[in-house]
Amino acid sequence: MPRVIVLGSGTPSPSPLRWGSSFLVEIGGEWLMFDCGPAATYKLYKAGFKATQVDFLFFTHHHSDHDADYPTFLLTRFDMSIGKENELRVYGPTLTEQLTERLLGEDTGAYWHDIIARTNHPLSLWAHQSRGGTLPRKPPVIHSNDVGPGTVATSKHWEITAARVEHVQPYLDSLAYRIDSDEGSIVFSGDTRPCKALTDLAAGADMLVMECIRLHDDIQGTASADTETATFGAGETAAEAGVKKLVLCHQSLSLEEPESKVQAIAEVKSVFTGPTIWGEELLEVPWG
């Protein structure tokens, strides 16, 4: 069965409990990451995994709480590589290719100096060989792809479909993703207000990982109501889509207050009767 690990389940506001967005999924022996928010690489290792295990990375959108750790992930994956790993494949909405090029593009990338040093200096070459690598040490190859709605990636184990959801357009494009496989189906909402595109994408899914930013009444009459999903919206989306399990994520710090957390879960459960899980960082979500 698939494995789903919450690496980051917060917002741009940092706290010791949660910060940024990132999720790790294993299907058929392949590891996929969805979003790469602040400290995602550290939390990946804290959960017992390595950057070199991840061969596919999907961005929902390019707010910093969803992509700020991208350079750390890329550089760590390269530095720990022994040259025998699969080449990394990265997918996301507009700006994914540009961001990748600006980070590690040959000669012009912000961290190209690091690649040059680590592929030439004797210290780095020795470290590479001590981990089992052989010379010459080659720069990383990253296949980055700007994608839109429809099928965006496939393997022999899974197929991933994207839908455009409603967040902060026209400034940033936003996607939700659905994984379909023989082992089950998982949907990641990303940041969005409740919308038909997401409900349709999530129809009948085994698991929906859904933004739940605040209590319903706390966003009414604010810009948040037009761009994000609160408690009732998360529950209603799950109910209308007929998903089997709902995982709440992207909670604001206000929901860490015990009374607010209890109320939030109660509001979700008032409209969605299926199993509901409160996303916590480093939690492996039970599948059954």
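Let me start with the pocket. The residues lining the largest pocket divide into ten nonpolar, five polar and five charged. That makes a lining of 20 residues, and those nearest the centre of the pocket are S81, G83, K138, P139 and P140. The volume of this largest pocket is about 400 Å³. Which element gives the largest share of the lining? Helix α3 does, with three residues. Please keep in mind that this is a predicted model.

Now to the sheet. Seven strands form an open sheet with mixed pairing, in the order β6-β5-β4-β3-β2-β1-β14. The edge strands, each pairing on one side only, are β6, residues 142-146, and β14, residues 284-285.

Strand β3 covers residues 30-34 and strand β4 covers residues 54-58; the two pair in the parallel sense, over four bridges. Within that pairing, W31 has V54 in β4 as its bridge partner. The next pair is β4 and β5, again in the parallel sense, over three bridges. Here F58 is found opposite Y91 of β5. Then come β5 and β6, which run parallel and are joined by five bridges. In this pair, R89 stands opposite H143 of β6.

Is β5 mostly covered or mostly open? Mostly covered: four of its five residues are buried.

Next, the helices on this part of the sheet. Helix α3, residues 70-80, lies across β3, β4, β5 and β6, where β5 is residues 88-92, and runs at about 165° to β4. Helix α4, residues 96-104, also packs on the sheet, touching β5 and β6, and its direction makes about 150° with that of β6.

Where is T237 placed? In helix α9, which spans residues 231-241. Why does T237 count as buried? Because its relative accessibility is 3%, and the cut-off for buried is under 20%. Which residues does T237 contact, once neighbours within four places in sequence are left aside? They are P194, L198, T199, L208 and M210. As for S64, T237 is 173 residues from S64 in sequence, and the two are 25 Å apart in space, C-alpha to C-alpha.

That is all I have.

Key. Residues are numbered from 1 along each chain as its sequence is written. This is a predicted model: local features need pLDDT of at least 70, side-chain atom pairs count only at pLDDT 80 or more; totals for chains, interfaces and linings use all residues. Side-chain values use heavy atoms; hydrogens and water are left out. Two strands pair if DSSP finds at least two bridges between them. Contact means heavy atoms within 4.5 Å. Axes are lines fitted to C-alpha atoms, for helices over the stretch in contact, and angles run from 0 to 180 degrees between N-to-C directions. On a 1 Å grid over the protein atoms alone, a cavity is a set of points where a 1.4 Å probe fits but cannot get out, and a pocket is an open set with protein on both sides within 12 Å along at least five of seven lines; lining residues have an atom within 4 Å of a point. Grid points are joined across faces, edges and corners, and a volume is the space filled by probe spheres set on the points. Ala, Val, Leu, Ile, Met, Phe, Trp, Tyr, Cys and Pro count as nonpolar, Asp, Glu, Lys and Arg as charged, and the others, Gly among them, as polar. Buried means under 20% relative accessible area, exposed over 50%, partly exposed in between (1.4 Å probe, protein chains only).
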